Amino acid sequence: MAKYMLLIVIAISLVQIASITIALFVYGFAENVENRYLKEGIDTETIEERWHEDASHLEQISEEVIQQHFAKWKEDFPEATMFWVDGSGILREKIGSNHDIPTEWSARETASFIKSRYDGDPFTVIALMEESDGFIVFEIPREALQLPMQSVYDHYGDILIIGLLSIVLLFIIVSFQFFHRIRKRLLHLQEAMEIRDVDGLPLAIPVKKKDEIGQLEQTFNQMVDELRKSKQREQEEERLRKELIANLSHDLRTPLTKLRAQSYSISKMDQGAEWNKAIQQLEVSIKDMDRLIENLMSYTLLTASKYQIKRKEIDIVRYVREHLATWYPVFEKEGFEINIDLQPLDSSYWEVDPVWISRIIDNVLQNILRHTKEGKYVEVKTKTTETYDALLFKDKGDGIDKGSDYSGAGIGLSIIDMMVQGLNLDWEIHSSNNGTTVKIIKYHKK
């Protein structure tokens, strides 16, 4: 800002200096070049009146008389040209520098001459003599009767205008260069903001100047440094969290195995209906805890990109039908209405990891089994459109927003999301009070 203000001050100063210089030049010229005609009060009207008056006092018109008359006026007006054309149209006498005067004059040439000289340059006065004596003409350049300042403008006006325009143009060019450098630095800063390192963070840029843009660059570098430190803290916290989940999942497996063994031993004792019911509830809780620990382990491995994937081409419709056979008794035992409609797809062969696709199906069905016991309905079917093939899982529960008496569904859905993305598939979930639909999608290749 200080530089640009200095630039404006310099531009204004140059214009002022130029104006003062021009004024002094004109004043000096006017002082050195005096117009004696104007100084003596002689103007075009005065000349015209005197020329006619002197012409009217001429007697016995002859070459000698005309020569004396012209010589007298030539002393007062050295720049003037005078000539005499007699009554027969013959040029009889001439004095001055005008060499384009015809030697013979007709009426037409006389009228054309008068018309061309009317209010023109040079200033011309024509005095008619007697019909037999013709007319005498006085001509003087109008420049000789102008003010000195007008003469300066006539001679140097274009130069002065070009000079002022050059100063303005110079100011525009310098201003353009000034803002061009600012724009270049801002674009460089923008490019630096768009460049990312391996961690997805912008790179710091060198600060070359300590002006406003330099302060902006320094602030940007501070922001980059804070982002980098925040990223490091986040990565460290994520690492500790994953280690904690992995260690807890591993450590919980040992007591859980013992609980399952003790539960099996106790179930062999026949202590009545209440006893057996309590044992069944204990086994259900152990299974739920086992699934939760398995989900925690899978989630930790997926987020750490350590969950191994082995792709191969499988008939997805056949594979899902066979996998559902293992779930059919489970839903039947819980009293669910089961509707399975697996029609052939346009592209039934999917290149996926069977273990991963099984885990996705298991998580979806586990959520239906654990969270929609009120609706007691499960539907699995296929769907084909022009753009994709899909597997649909539908229930008639209260929707995922309602929640249930069980926990852990959030981790299960997160695992589904990560596995679907890892298999280069897509998925959608639509939930309402009338139920939830999960759609596993494979788009057709273009």
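Student: Why is lysine 376 called partly exposed?
Tutor: The relative accessible area of lysine 376 is 32%. Buried means under 20%, exposed means over 50%, and partly exposed is what lies in between (1.4 Å probe, protein chains only), so 32% falls in the middle class.

Student: What kind of model is this, and how are residues numbered?
Tutor: It is a predicted model, in which local features need pLDDT of at least 70 and side-chain atom pairs count only at pLDDT 80 or more, while totals for chains, interfaces and linings use all residues. Numbering runs from 1 along each chain as its sequence is written, and side-chain values use heavy atoms, leaving out hydrogens and water.

Student: Is aspartate 119 buried or exposed, and how do you know?
Tutor: Aspartate 119 has 64% relative accessibility, so it counts as exposed. Its phi is also positive, near 55°, in a residue other than glycine. You will find aspartate 119 in the loop between α5 and β3.

Student: Which peptide bond is cis?
Tutor: The bond from aspartate 121 to proline 122 is cis, with omega near 15°. Proline 122 sits in the loop between α5 (107-117) and β3 (123-128).

Student: What makes a space a cavity or a pocket?
Tutor: On a 1 Å grid over the protein atoms alone, a cavity is a set of points where a 1.4 Å probe fits but cannot get out; a pocket is an open set with protein on both sides within 12 Å along at least five of seven lines. Lining residues have an atom within 4 Å of a point. Points are joined across faces, edges and corners, and a volume is the space filled by probe spheres set on them.

Student: How many cavities of 30 Å³ or more are there?
Tutor: There is one. The largest cavity holds about 70 Å³, and its lining includes Leu324, Trp327, Tyr328 and Phe331. Helix α9 (316-333), β6 (337-341) and β8 (377-384) each give at least two lining residues, with the largest share, four residues, from α9.

Student: How do the lining residues of the largest cavity divide?
Tutor: Nine are nonpolar, none polar and none charged. Ala, Val, Leu, Ile, Met, Phe, Trp, Tyr, Cys and Pro count as nonpolar, Asp, Glu, Lys and Arg as charged, and the others, Gly among them, as polar.

Student: What lines the largest pocket?
Tutor: That pocket holds about 620 Å³. Of its 19 lining residues, the closest to the centre are Arg181, Ile182, Arg185, Lys209 and Asp211. Seven residues, the largest share, come from α6. The lining divides into nine nonpolar, one polar and nine charged.

Student: How do you know how confident the prediction is?
Tutor: The chain averages a pLDDT of 80, and 77% of the residues score at least 70; pLDDT is the predictor's confidence in each residue, from 0 to 100. Over residues 402-409 pLDDT stays under 50, and the model has 10 contacts (heavy atoms within 4.5 Å) for them beyond four places in sequence.
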